Amino acid sequence: MDKAPRYAQLYDMDFSKLSSAQYFSLKYLLRVELLALQADVIENDRCICILTEGRDTAGKTSALKFMTKNLIPKHFKFIPSFIPTTNENNNWLTTWQKKLPKPGQIAFFDRSWYSRALIQPAMDYCSQEQYENFLDQIDNFEQSLLDKNVEIIKLYFSISSNNQAIRLINRKRSPLKYWKYSDNDEQLADKWDVFTDYKSKLFNHGSQCKTPWTIIEAN
């Protein structure tokens, strides 16, 4: 299948002025491209990790549902956000190493090992020593993955504090999404500046060099 016309349409669009018809057409094209990517992953035994990070309500889970909707199930894995056990928290990178994709798979991470550099220190879920150890180890950890031909794609979903506040209220009141709301969401929202400080430190860290973050405007 000739990919050039599809790619031309994707890259030449002004995404700020999409009509509804263009929007749904673009979603279709992107799903076709994702399936083409998966076919290549299967054929060439590639391993891809797609990491998503961001504040609560930024849309990470919804984006991953979109990405995986039409993929072949046995050739991708979805790793949801989870509350680590004490053992997992104390063996952080080993915990995540066990969740890596096998050859011929794409792994989609709803939050990732970078929680240790963002939500965990912001909410005091880890010690300062654990946080600093993570920053010291992450470059070597990701280099070891790259050496094993594991590909790493990092997406950060960025929203404003105003939009987050509105989404939290809507989530809390929704008959369909109320279960996604927790008191921790409000507590993290109250630590907006603290989280922002950790985010800035992460983006300035060395792990940006070989596996850079792509910032998604999620408002």
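**View 1. Aromatic pairs in the predicted model.** The count comes to 14 aromatic pairs, where rings of Phe, Tyr and Trp (its six-membered ring) pair if their centres lie within 6.5 Å. Planes under 30 degrees apart count as stacked, over 60 as edge-to-face and the rest as tilted. Trp96 and Trp113 have ring centres 6.4 Å apart and planes at 75°, so this pair is edge-to-face. The pair links distant parts of the chain, 17 residues apart. Trp96 belongs to helix α5 (residues 92–97). Trp113 sits in the loop between β3 (105–110) and α6 (119–122). Helices (H or I, at least four residues) and strands (E, at least two) are DSSP runs, numbered from the N terminus. Trp96 and Trp113 are buried, that is, under 20% relative accessible area; exposed is over 50% and partly exposed in between (1.4 Å probe, protein chains only).

This is a predicted model: local features need pLDDT of at least 70, side-chain atom pairs count only at pLDDT 80 or more, and totals for chains, interfaces and linings use all residues. Residues are numbered from 1 along each chain as its sequence is written, and side-chain values use heavy atoms, with hydrogens and water left out.

**View 2. Trp113 meets Phe141.** The pair of Trp113 and Phe141 is edge-to-face, with 5.3 Å centre to centre and 80° between the planes. Trp113 lies in the loop between β3 and α6 and Phe141 in helix α7 (residues 128–147), so their pair ties together parts 28 residues apart in sequence. Both Trp113 and Phe141 are buried. One aromatic cluster is formed by Phe82, Trp92, Trp96, Phe109, Trp113 and Phe141.

**View 3. Charges over rings.** Arg55 places its charged end over the ring of Trp192, 3.5 Å from the ring centre. A charge sits over a ring if NZ of Lys or CZ of Arg is within 6 Å of the ring centre and within 35 degrees of the ring normal.

**View 4. The parallel sheet.** 5 strands make an open sheet in the order β2-β3-β1-β4-β5, with parallel pairing. Its edge strands, β2 (76–79) and β5 (213–217), each pair on one side only. From one strand to the next the twist averages 20°. Strands pair if DSSP finds at least two bridges between them. β1 and β4 pair in the parallel sense over 8 bridges. Strand β4 (residues 150–158) is joined to β5 by 5 bridges, also running parallel.

**View 5. Residues along β4.** Tyr156 in β4 stands opposite Glu53. In β5, Ile215 is the bridge partner of Tyr156. Ser158 has Glu217 as its bridge partner in β5.

**View 6. Helix α3 on the sheet.** Helix α3 (residues 60–68) lies across β1 (47–54), β2, β3 and β4. The helix runs at about 160° to β3. Axes are lines fitted to C-alpha atoms, for helices over the stretch in contact (heavy atoms within 4.5 Å). Angles run from 0 to 180 degrees between N-to-C directions.

View 7. Cys49 is buried, at 0% relative accessible area. Cys126 is buried too, at 9%.

**View 8. Asn170 in helix α8.** Asn170 lies in helix α8 (residues 161–173). Asn170 is partly exposed, with a relative accessible area of 46%.
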